[in-house]
Amino acid sequence: MPSPASSTATASDKAERYADTRRRIDALLDGPTDWVSAMATVACELHHSFDHYDWTGFYRAVSDDELLVGPYQGPHGCLHIDVDQGVCGAAARTRETQLWPDVSKAPDHIACQSSTQSEIVVPVLTPDDALLAVLDVDSDTLGAFDPTDREHLEALCRDLGEQFGDTELRR
């Protein structure tokens, strides 16, 4: 496996790294698998593909008001997030990607790790707009995420929502 991409990589290099990572994810998720295994696989593959990913994981939608930490890679995350709080909550509420180059500018950022400087959170939605989870990626580097990250992570989360849209998660 190639070495992780640098946060200073060109957009073209980063897009190529995402394409390679996506091919691995798609191959690993080809065939029957459950949602928790899929989240663990995606978090692992993404986290080890990009050196600017310092925390990579999912917060599962367990009710309309609550997100619980799911499979992740990196230091401890918050165990519970109310959907009316933080960057993850904003992504869950608005059903839109949240990209913060500097989390200190986010109005109600929850500092699960004090080292986090930038963050991108992408909702995972079923075709009928039900929230399955949010994919949260934190970096200890300011401005680590850009439109290339957004484009590729949104495509991945859209496909996950379609693939696992009929999964019974709220247990």
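**Entry 1: α1 against α4**

I started with helix α1 (residues 11–28) and helix α4 (residues 147–163) in this predicted model. Their axes come within 9 Å and cross at roughly 15 degrees. An angle under 35 degrees counts as roughly parallel, so I noted α1 and α4 down as roughly parallel to each other. The crossing of this pair is right-handed.

Next I looked up who makes the contact. From α1 I listed A11, K14, A15, Y18, R22 and I25. From α4 I listed T148, D149, H152, L153, A155, L156 and D159. Sorted by class, this contact of α1 with α4 has seven nonpolar, two polar and four charged residues. An α-helix has 3.6 residues a turn, so residues three or four places apart point the same way.

**Entry 2: α2 against α4**

My next stop was helix α2 (residues 35–47), still with α4 as the partner. The two axes come within 12 Å and cross at roughly 165 degrees. That makes α2 roughly antiparallel to α4, because the cut-off for that label is over 145 degrees. Here too I wrote down a right-handed crossing, with α2 passing α4.

Which residues meet here? On the α2 side I found W35, V42 and L46, and on the α4 side L153, L156 and L160. By class, the contact of α2 with α4 has six nonpolar residues, with no polar and no charged ones.

**Entry 3: how α3 sits**

Then I turned to helix α3 (residues 86–94) and asked how many of its residues are buried. The count is seven of the nine, so α3 is largely enclosed by the rest of the structure. The buried ones are G86, V87, C88, G89, A90, A91 and A92.

What covers them? My list includes the strands β1 (55–61), β2 (66–73) and β3 (80–82). It also includes β4 (98–100), β5 (118–125) and β6 (131–139).

Most residues other than glycine have a negative phi. R95 is not a glycine, yet its phi is positive, about 60 degrees. R95 lies in the loop between α3 and β4. Its relative accessibility is 30%, so I counted R95 as partly exposed.

I found a second case at D129, where phi is near 70 degrees, again positive in a residue other than glycine. D129 is in the loop between β5 and β6. With a relative accessible area of 42%, D129 is partly exposed.

**Entry 4: cysteines**

Last, I checked for disulfides. A disulfide is a covalent bond between the sulfur atoms of two cysteines. With a cut-off of 2.5 Å between sulfur atoms, my count came to zero disulfides.

C44 is partly exposed, at 30% relative accessibility.

For C157, the closest cysteine sulfur is in C88, at 12 Å, so that pair is too far apart for a bond as well. Is C157 buried or exposed? Its relative accessible area is 1%, so I noted C157 as buried. C88 had already turned up in my notes, among the buried residues of α3.

Technical notes: Residues numbered from 1 in each chain as written. Predicted model: local features only at pLDDT ≥ 70, side-chain atom pairs only at ≥ 80, totals over all residues. Heavy atoms only, no water. Axes fitted to C-alpha atoms, helices over the stretch in contact; angles between N-to-C directions. Helix = DSSP H or I, 4+ residues; strand = E, 2+ residues; numbered from the N terminus. Parallel < 35°, antiparallel > 145°, perpendicular 65-115°, else oblique. Left-handed = near helix turned anticlockwise from the far one by under 90°. Contact = heavy atoms within 4.5 Å. Nonpolar A, V, L, I, M, F, W, Y, C, P; charged D, E, K, R; others polar. Buried < 20%, exposed > 50% of the residue type's maximum accessible area, 1.4 Å probe, protein only.
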